[in-house]
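Reader: Please show me this structure. I would like to go through its parts by question and answer.

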Amino acid sequence: MAHSGGRDWTVSVAVPGSVLSICKRDDQRTNVVSHLARALAVFSIDEVVVFDDSHPDTRPRSVDPAGYTGDVDPCGYLDHLLQYLEMPPFMRKTLLPIHPNLKQAGLMPSLDIPSHPHPSDWLPYCEGVTLSGATKSGSGTLVDVGRKNPVTISHEVPPKTRITVKIDSNDPSLGEPVDPAAPRTEGGYYWGYSVRRCESLAAVFEESPFEGGYDFSIGTSERGVPIAEAFPERKVKKGETNFNHLLIVFGGPRGLENAAENDPELNGMGIVKGRTKELFDHWINILPGQGSRTIRTDEALFIGLAGLRRIWDGR
């Protein structure tokens, strides 16, 4: 759950909107999103990028954000539900209004990550949502952190704002707002994932939130090399696979090659079909000799991350 002394490095995963193309009903869609989110949480993924791998000409011109989007805007639907699952349950009613996308949300399993409060746990950090009531001193802001009593911070913050709070070690009724990454960088805790949405495969790289972008990237394909061949034990032990910001990109039912083919920018660069692997530092087959003709993306996350975890495990 925690790395002693904090950690600056991050692991990001990118998945395409087409992961939902195999689904016909909403319960099937929520099931896929649940599996994706559980994989992200179990393997302590810091960022998930949802990218559109459809051809621009086939995308709807306009989407009603208040309506159900699972069938017309799969990327928006994934973005919405992944954010819902990452958010601590106690603040969902305040920050996420009732929406048709969430009609099956109650059936999705909890992520049960450290940022979700637990009665038997006490951590120096917590997620909270600001309240409108007055503090005892008359200044500062009350913050609901999912415990019996709210926490007071000295800053003035508008109500219904989500913030990350560091609790005063001498007085648990007091705290201070910190950077959302502080639980990871200072305390070494896994603190959930952020969700970023992109219009194309190229944008996954170009719009990276990290200074200098991703310094280590892995694309997945049945035409790639096995994990053990790409990352032999001697390379891992020597630190040759060390990184600051790792990106692992998974394809949809038609693969990453199809995502590149539907990306006008990559087409202009000649990155199509067999050349898609040139986007990445490594082109990996997560499960050579698979028994089924296809591996669904939600299955691929569990399989792929279990195999690739050797790259960062023990850092």
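Author: 7 residues of domain 1 are in contact with 8 residues of domain 2, contact meaning heavy atoms within 4.5 Å. This is a predicted model, in which local features need pLDDT of at least 70 and side-chain atom pairs count only at pLDDT 80 or more, while totals for chains, interfaces and linings use all residues. Residues are numbered from 1 along each chain as its sequence is written, and side-chain values use heavy atoms, with hydrogens and water left out.

Reader: Which residues make up domain 2?

Author: The domain bounds come from an automatic or database domain assignment. Domain 1 takes 10-114 + 193-311. Domain 2 takes 125-168.

Reader: How many Å separate the centres of the two domains?

Author: The centres of domain 1 and domain 2 are taken over C-alpha atoms. The separation is 34 Å.

Reader: What area do domain 1 and domain 2 bury between them?

Author: Buried area is the accessible area (1.4 Å probe) that two parts lose on being put together, summed over both. Here 73% of it is on carbon and sulfur atoms. The total is about 620 Å².

Reader: Which residues of domain 1 lose the most area to domain 2?

Author: Three residues together account for 64% of what the domain 1 side buries. They are F90, M91 and L95.

Reader: Which residue forms a salt bridge with E86?

Author: A salt bridge is a side-chain nitrogen of Lys or Arg within 4 Å of a carboxyl oxygen of Asp or Glu. Between domain 1 and domain 2 the count is 1. In the E86 pair, the closest N and O atoms are 3.0 Å apart. The partner is R162.

Reader: R162 forms a salt bridge with E127, so where in the chain is E127?

Author: The closest N and O atoms of R162 and E127 are 2.8 Å apart. The pair links distant parts of the chain, 35 residues apart. Strands here are DSSP runs (E, at least two residues), numbered from the N terminus. R162 is in strand β6 (residues 162-167), and E127 is in strand β3 (residues 125-130).

Reader: How many bridges join β9 to strand β11?

Author: Two strands pair if DSSP finds at least two bridges between them. β9 (residues 216-226) runs parallel to β10 (residues 245-249), with 4 bridges, and G219 stands opposite V249 in β10. β9 and β11 (residues 282-285) also run parallel, with P226 opposite N285. The number joining β9 to β11 is 5 bridges.
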